[in-house]
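User: I would like to go through this model term by term. Please set each value against its definition.

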Amino acid sequence: MNSTLLVGLWRQRLASPIRVVILALMVLLPPLLGSVVRGIGLQALGDAIPLALVLAAGMIGQDVSSGVLQLILARPVRRSEYVLSRWLSVGFGASIANVLQIALFWGLTAARGWAPSAETIASFAAGRELQIFGVAATMALLSSLIGGLGDLALYAMIFVFGGIVTMIGQTRQSAVLHGIGEEIGALLSPKIDVAQILAGAPSWFAIATYASNITLCLLLAILIVNRKELSYASG
Amino acid sequence: MPPAEPRGGTRHVPRWLLLAALIFLVARIVTGIQEGRRPQALTELVQWETADAGLARSRTSGQPLLLDFSAEWCGPCRVMQREVFADRRSAEAINGLFVPVRLVDTQRETGRNAPDVAMLQQRYHIEAFPTLVIVPTNGSAPTVIQGYPGKAKLMEQLTAAGLKARLERGPIR
């Protein structure tokens, strides 16, 4: 993998004060809440999706809109290498934020005397890591489709659409609509229940769905980026 | 001299990714069909009680009741069971905050419901499944959550309702 491309995204993100502030608040506030409200536990930290979204928004689209992608691809770099590096860069970056957030939560709750067990924390952290890499793959696909931060808007629109489909499926008790809603949910929030695996009852369908979503999203993102006409004359 | 183009061109699609996507897609379809035919056995971690036992424990412990109105044929109920009630963290939170009671509707299968199920469905005007009702012990109005809003949202609502019920009862112990 291309380490220059990996580090390049982190530099871009760190150069954006808004992203840095949002990310810092996301890392700091939930552990503080967890250390104040007893009984809320790891629910205070919630999903890892927002952490991934802050870093992932515009991961490819912003480079296309700003003309940076043309400069990157003027070098002998494969487009697939670029897409995969972006995915890994977002994944690793959000993973660091995830580990920091959980470590802070653990430290604060341990100081108050109500820290969850190490096993619970480890299972929670592993589940969120998987979710981060899953969301990063979904965002790679959305970002390859639309310029700028349009991927975030696309994510929000699909989220709302999925919610509506699921709601209609519930009220009409339609297994088909509910299934569609579930598939949309699996695309937007790919996850594997680590606790279920540790309990010895893994859902192979959930694991296959997760792996399939990631590989399909990355493959489609590469194919879409491969089809982009990026010469200076194209604009 | 211009930089050399990578082997296979810059638009090369990695074969390993193509192969992995294909394998996982096939695995997804096969496991989906298998789990559809033979629904995965759920290891629910919430300690469900019968209506009578739950009511008695709620009275003695002062913990609010969590009534889960569901049905065997209800798809969202199964999703909720898998995502929330079989999840260790969520189950721990529910067991700690509530006295959980499950009430399964059998109207569609047998044409009638058990008396306690029918009575509680009528009392709380249950019209759809799943519906969760949180009943505080101090007699204040119950909280009703109709449908499955997703794990995160549901746990948020349950935690808020549970903490409220416990705060109304007195300091958290």
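**Terms and values in a two-chain model**

User: What makes strand E3 (residues 131–135) of chain B largely enclosed by the rest of the structure?

Analyst: In strand E3 of chain B, 5 of the 5 residues are buried, so the strand is largely enclosed by the rest of the structure. A residue is buried if 20 or more other C-beta atoms lie within 10 Å of its own, exposed if 12 or fewer, and partly exposed in between, with C-beta atoms placed from the backbone. Both faces of E3(B) are covered. Thr131(B), Val133(B) and Val135(B) are buried on one side, and Leu132(B) and Ile134(B) on the other. Strands (E, at least two residues) and helices (H or I, at least four) are DSSP runs, numbered from the N terminus.

User: How should the numbering and the model itself be read?

Analyst: Residues are numbered from 1 along each chain as its sequence is written, and chains are lettered from A and ligands numbered from 1 in the order in which they are written. This is a predicted model, in which local features need pLDDT of at least 70 and side-chain atom pairs count only at pLDDT 80 or more, while totals for chains, interfaces and linings use all residues.

User: What confidence does the predictor give to the chains and the complex?

Analyst: pLDDT is the predictor's confidence in each residue, from 0 to 100. Chain A has a mean of 88, with 95% of its residues at 70 or more. For chain B the mean is 83, and 88% of its residues reach 70 or more. Within chain A, confidence is lowest in helix H10 (residues 194–198), at a mean of 73, and highest in helix H3 (residues 49–56), at 95. The complex has an ipTM of 0.87 and a pTM of 0.70. Where pLDDT is low, the predicted coordinates should not be read in detail.

User: How do you know which strands pair with E3(B)?

Analyst: Two strands pair if DSSP finds at least two bridges between them. Strand E1 (residues 65–71) of chain B is joined to E3(B) by 5 bridges, and the two run antiparallel. Leu67(B) has Val133(B) as its bridge partner in E3(B). Strand E4 (residues 143–146) of chain B pairs with E3(B) over 4 bridges, also in the antiparallel sense. There, Leu132(B) stands opposite Ile145(B).

User: Why is the sheet called mixed, and what leaves one side of E2 and E4 of chain B without a neighbour?

Analyst: The open sheet has 4 strands in the order E2-E1-E3-E4 (chain B), and its pairing is mixed. Strand E2 (99–105) and E4 of chain B stand at the edges with a single partner strand each, so one side of each has no neighbour in the sheet. From one strand to the next the twist averages 15 degrees, where axes are lines fitted to C-alpha atoms, for helices over the stretch in contact, and angles run from 0 to 180 degrees between N-to-C directions. E1(B) and E2(B) pair in the parallel sense over 7 bridges, whereas E1(B) and E3(B) run antiparallel. Phe69(B) has Leu103(B) as its bridge partner in E2(B).

User: Is Ile145(B) buried, exposed or partly exposed, and why?

Analyst: Ile145(B) has 18 other C-beta atoms within 10 Å, so it counts as partly exposed. The residue lies in strand E4 of chain B. Beyond its neighbours within four places in sequence, Ile145(B) is in contact (C-beta atoms, placed from the backbone, within 7 Å) with Thr131(B), Leu132(B), Leu154(B) and Gln157(B).

User: Why is Gly107(A) called exposed?

Analyst: Gly107(A) has 12 C-beta neighbours inside 10 Å, so it counts as exposed. Gly107(A) lies in helix H6 (residues 79–112) of chain A. Gly107(A) and Ser35(A) are 72 residues apart in sequence and 9.1 Å apart in space, C-alpha to C-alpha.

User: How are helix H7 (residues 118–145) and helix H8 (residues 150–171) of chain A packed?

Analyst: H7(A) and H8(A) pack at an angle of about 115 degrees, with their axes 8 Å apart. Met139(A), Leu142(A), Ser143(A) and Leu145(A) of H7(A) make the contact with Asp151(A), Leu154(A) and Tyr155(A) of H8(A).

User: Which helix of chain B gives the most to the side that touches chain A?

Analyst: The contact takes 38 residues from chain B and 41 residues from chain A. On the side of chain B, H1(B) gives the most, with 11 residues.

Key
Contact = placed C-beta atoms within 7 Å.
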